[in-house]
Amino acid sequence: MSVPQATNQTASGDRQAQPWIALSAYLLLGVCFGITLTKSEVLSWFRIQEMLRFQSPRMYEIIASAVAVAAASVAFIRRLGLKTVSGEPITIPPKSLGRGIRYAVGGTIFGLGWTLTGACPGPLFALVGNGVTVMIAAIASALVGTWLYGLIRPRLPQ
Amino acid sequence: MTNFVTAAWPWYVAGPAIGLFVPALLILGNRVFGVSSSLRHLCSAIVPSRVEYFRYDWRRTGLWNLLFVAGILIGGFLAAHWGETRNIAISEQTRLALARLHVHDFSGLAPREVFTWSALLTVKGFISVILGGFLVGFGTAYAGGCTSGHAISGLADLQSPSLIAVVGFFAGGLIATHFLLPLFL
């Protein structure tokens with residue numbers, strides 16, 4: 001995920017104020033994604049368990065084909081030098097590796113939470129829409145977790 | 001084709017559909033597909049306090065992401081209401097393994113013994129929802145992304161930090177599945 005760094009806000013965030021039509025397009029894409037998460041069943045605690053117990057290839061097939069289609073699309077965009085609808089060149093900011101600790105440790109912590117809730121952030125919101133409203137409490141707790149990270153960030157190894 | 005609306009999508013529809021959100025967001029406005037930064041933007045919008053990590057213009061960088069997330073919730077609602085409710089067709093082996101962990105209700109998207117408001121104050125409900133949610137929020141912020149940002153966007157762009165993060169996701173997942181779930185479910 002592109003988490004905006006405070007230092008590169010002006011560089012990568014130098015975008016025009018979004019007109020409402022562009023913003024509503026993101027809302028509409030979100031609706032499509034919520035439907036996709038539901039119909040693909042990747043938001044199900046049961047599917048996550050099946051995956052982590054290696055008892056069905058389904059989740060791996062979904063992730064692998066998603067990555068393949070996304071990678072081919074990105075390569076295609078670069079090859080053709082496509083631009084955004086508003087005419088900007090398309091760029092994907094690289095993540096800085098550093099010592100890699102944040103990715104290994106943060107990733108493992110997320111993996112624990114992903115398995116306990118049976119849902120990553122997208123599915124948490126989709127589950128609320130699906131009527132598993134107790135996930136509102138999980139989202140609230142995730143906000144506390146993110147906030148605490150922000151507070152102690154200067155003291156964590158990156 | 002008629003049951004495309006009601007039935008679960010096969011993997012070869014579901015996976016490519018998920019992958020297409022990466023080019024769609026890039027073309028729409030140079031946005032990198034990812035959900036967990038919405039948590040940071042929400043913190044920034046609600047309680048930025050004096051924490052430097054939350055002091056930025058969330059409307060400028062994050063409004064699109066918050067709308068995307070609002071859409072996810074609406075999309076989940078729509079999908080739930082146009083299809084018939086059905087159980088998730090997990091493998092028999094998984095069903096047996098989960099039954100040994102005292103999970104017996106296989107209706108719905110997540111075990112009803114755990115993921116209801118009334119179960120929230122039981123040990124298994126609290127650990128699954130509250131502790132699990134907390135670790136999701138802390139872990140994604142620390143790792144700088146979740147399944148969408150690292151496993152899909154990052155791997156598709158061949159970024160090594162994302163590969164490390166994804167290995168971490170599965171390491172944490174396996175630890176939780178084999179060592180934590182048996183302790184409290």
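In the predicted model described here, the crossing of helix 6 (residues 121-129) of chain A and helix 7 (residues 135-152) of chain A is left-handed. The two helices pack at an angle of about 150°, with their axes 9 Å apart, and because angles over 145 degrees count as roughly antiparallel, helix 6 of chain A is described as roughly antiparallel to helix 7 of chain A. On the side of helix 6 of chain A the contact is formed by Leu124(A), Leu127(A) and Val128(A), which meet Met135(A), Ile136(A), Ala138(A) and Ile139(A) of helix 7 of chain A. The residues of this contact comprise seven nonpolar, no polar and no charged.

Helix 6 of chain A is largely enclosed by the rest of the structure, since nine of its nine residues are buried. These buried residues are Pro121(A), Gly122(A), Pro123(A), Leu124(A), Phe125(A), Ala126(A), Leu127(A), Val128(A) and Gly129(A). The helix is followed by Gly131(A), for which phi is positive, near 100°.

Chain A as a whole contains seven helices and zero strands, and its elements, read from the N terminus on, run α-α-α-α-α-α-α. Of the 158 residues in chain A, 51% are buried. When contacts in chain A between residues at least 6 apart in sequence are considered, 47% of them join residues at least 24 apart.

Helix 7 of chain A also takes part in packing with the other chain, its axis coming within 6 Å of the axis of helix 6 of chain B, with a crossing at roughly 40°. At this angle helix 7 of chain A is oblique to helix 6 of chain B, and the crossing of the two is right-handed. The residues that helix 7 of chain A brings to this contact are Ala137(A), Ala138(A), Ile139(A), Ser141(A), Ala142(A), Leu143(A), Val144(A), Gly145(A), Thr146(A), Leu148(A), Tyr149(A) and Gly150(A).

Helix 4 of chain A makes the contact through Arg58(A), Glu61(A), Ile62(A), Ile63(A), Ala64(A), Ser65(A), Ala66(A), Val67(A), Ala68(A), Val69(A), Ala70(A) and Ser73(A), whereas helix 1 of chain B supplies Trp11(B), Tyr12(B), Ala14(B), Gly15(B), Pro16(B), Ile18(B) and Gly19(B). The residues involved divide into 13 nonpolar, four polar and two charged.

Taken over the whole interface, the contact draws 120 residues from chain B and 109 residues from chain A. On the side of chain B that touches chain A, the elements giving two or more residues are helix 1, helix 2 (21-29), helix 3 (37-46), helix 4 (58-82), helix 5 (92-100), helix 6 (123-143), helix 7 (147-156) and helix 8 (160-184) of chain B. Helix 4 of chain B provides the largest share of this side, 18 residues. By kind, the side of chain B that touches chain A consists of 78 nonpolar, 37 polar and five charged residues.

The largest nonpolar core has 91 residues, and those with the most contacts inside it are Leu127(A), Met135(A), Val22(B) and Ile152(B). Helix 6 of chain B gives the largest share of this core, nine residues. Two of the residues named here, Leu127(A) and Met135(A), also belong to the contact of helix 6 of chain A with helix 7 of chain A. When residues up to four places away in sequence are not counted, Ile152(B) touches Ala66(A), Val67(A) and Ala70(A) in chain A, together with Ile18(B), Gly19(B), Val22(B), Phe33(B) and Thr147(B) in chain B.

Leu163(B), by comparison, lies in helix 8 of chain B and counts as partly exposed, with 17 C-beta neighbours inside 10 Å. Leu163(B) and Val22(B) stand 141 residues apart along the chain, and their C-alpha atoms are separated by 17 Å.

Terms used. Residues are numbered from 1 along each chain as its sequence is written. Chains are lettered from A and ligands numbered from 1 in the order in which they are written. This is a predicted model: local features need pLDDT of at least 70, side-chain atom pairs count only at pLDDT 80 or more; totals for chains, interfaces and linings use all residues. Two residues are in contact if their C-beta atoms, placed from the backbone, lie within 7 Å. Helices (H or I, at least four residues) and strands (E, at least two) are DSSP runs, numbered from the N terminus. Ala, Val, Leu, Ile, Met, Phe, Trp, Tyr, Cys and Pro count as nonpolar, Asp, Glu, Lys and Arg as charged, and the others, Gly among them, as polar. A residue is buried if 20 or more other C-beta atoms lie within 10 Å of its own, exposed if 12 or fewer, and partly exposed in between; C-beta atoms are placed from the backbone. Axes are lines fitted to C-alpha atoms, for helices over the stretch in contact, and angles run from 0 to 180 degrees between N-to-C directions. Angles under 35 degrees count as roughly parallel, over 145 as roughly antiparallel, 65 to 115 as roughly perpendicular and the rest as oblique. A crossing is left-handed if the near helix is turned anticlockwise from the far one by less than a right angle, and right-handed if clockwise. A nonpolar core is a set of buried Ala, Val, Leu, Ile, Met, Phe, Trp, Tyr and Cys residues joined through C-beta atoms within 7 Å.
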